[in-house]
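Here is a short briefing to read alongside the sequence and the 3D view. Take a moment to turn the model around, and then work through the topics below.

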Amino acid sequence: MVKVLLVDDEKRMLDLLALYLRPHNYSCRKAVSAKEALSFLKDEIFDIVLIDIMMPEMNGWELCQEIRKNSDIPIIMVTAREQKEDIIKGLKLGADDYVTKPFDENELLARMEALLRRTEPLKRIEVNGLLWNEDEFELSYKNNVIKLTPKEFTMLGYFMKKPNQVFTREQLIDLIWGYESQTEERTVDSHVRNMRDKIRQSGFPIDDYLITVWGIGYKWVNKPSL
């Protein structure tokens, strides 16, 4: 299921967008302000963001700029402003696409799907001999298979796909166990510890790559070739 963040100060528009998207396998999170959207983005991982421009306090252009400081997540501006200069401004500030209100439901879905295809995550990642292969659901180092549990494998994939991004324990629980899970943070630490042990035994220097960000979570850092 694709996770989308909807940002608009009009609740009616948020409800309408969610009504359109949910039947098409989208999980919708609604934010009624830019401030609330930034809070959600800090604690959760989304696949795409839809942003209205005309909002009080912080408008959609400013929100787009703030998001682009830390993320390359796909952004579509959904707004009644259709002047050419507004569209150009939004694109220059980091938006990936622009849809004007009132919009055609099918056109919006097509634009979202096209953008998500272009930003589809890698399914095969190799770092200095360590190969993460999603199609075969296999991790190997120098052609020797490392046996991970499904959750360990999935977690490692998130790290390797987003080098230098810090994942909080709360984000990892949301991504791997589910938003409504009662999983405790120490369970994340246990999975990371076990994963490190298994990869370390293969000879790959995992401790140089999978870094603990004390008090927050973990991140993957790519090092120069060995």
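The notes below cover a sheet and its helix, a pocket, and some backbone details.

This is a predicted model, in which local features need pLDDT of at least 70 and side-chain atom pairs count only at pLDDT 80 or more, while totals for chains, interfaces and linings use all residues. Residues are numbered from 1 along each chain as its sequence is written, and side-chain values use heavy atoms, with hydrogens and water left out.

**The sheet and its helix**

- Four strands form an open sheet in the order S6-S7-S8-S9, with antiparallel pairing; strands are DSSP runs of E with at least two residues, helices are runs of H or I with at least four, and both are numbered from the N terminus.
- Strand S6 (124-127) and strand S9 (144-146) are the edges, each pairing on one side only; two strands pair if DSSP finds at least two bridges between them.
- From one strand to the next, the twist averages 25° (axes are lines fitted to C-alpha atoms, for helices over the stretch in contact, and angles run from 0 to 180 degrees between N-to-C directions).
- Helix H6 (residues 150-161) packs on the sheet and touches S6, S7 and S8, with its direction at about 110° to that of S7; contact means heavy atoms within 4.5 Å.
- Strand S7 (residues 130-133) and strand S8 (residues 138-141) are joined in the antiparallel sense by four bridges, and Leu 130 stands opposite Tyr 141 in S8.

**The largest pocket**

- The volume of the largest pocket is about 1,800 Å³. On a 1 Å grid over the protein atoms alone, a pocket is an open set of points where a 1.4 Å probe fits, with protein on both sides within 12 Å along at least five of seven lines; the volume is the space filled by probe spheres set on the points, which are joined across faces, edges and corners.
- Its lining has 48 residues, with Ile 45, Phe 46, Asp 47, Lys 162 and Gln 165 nearest the centre; lining residues have an atom within 4 Å of a point.
- H6 gives the most to this lining, with six residues.

**Backbone details**

- The peptide bond from Lys 101 to Pro 102 is cis, with omega near -10°, and Pro 102 is in the loop between strand S5 (97-100) and H5.
- Asn 128, in the loop between S6 and S7, has a positive phi near 45° without being a glycine.
- Asn 164 also is not a glycine, yet its phi is positive at about 75°; this residue is in the loop between H6 and S10.
- Asn 164 counts as exposed because its relative accessibility is 53%, and exposed means over 50% relative accessible area (1.4 Å probe, protein chains only).

How values were computed. Buried < 20%, exposed > 50% of the residue type's maximum accessible area, 1.4 Å probe, protein only.
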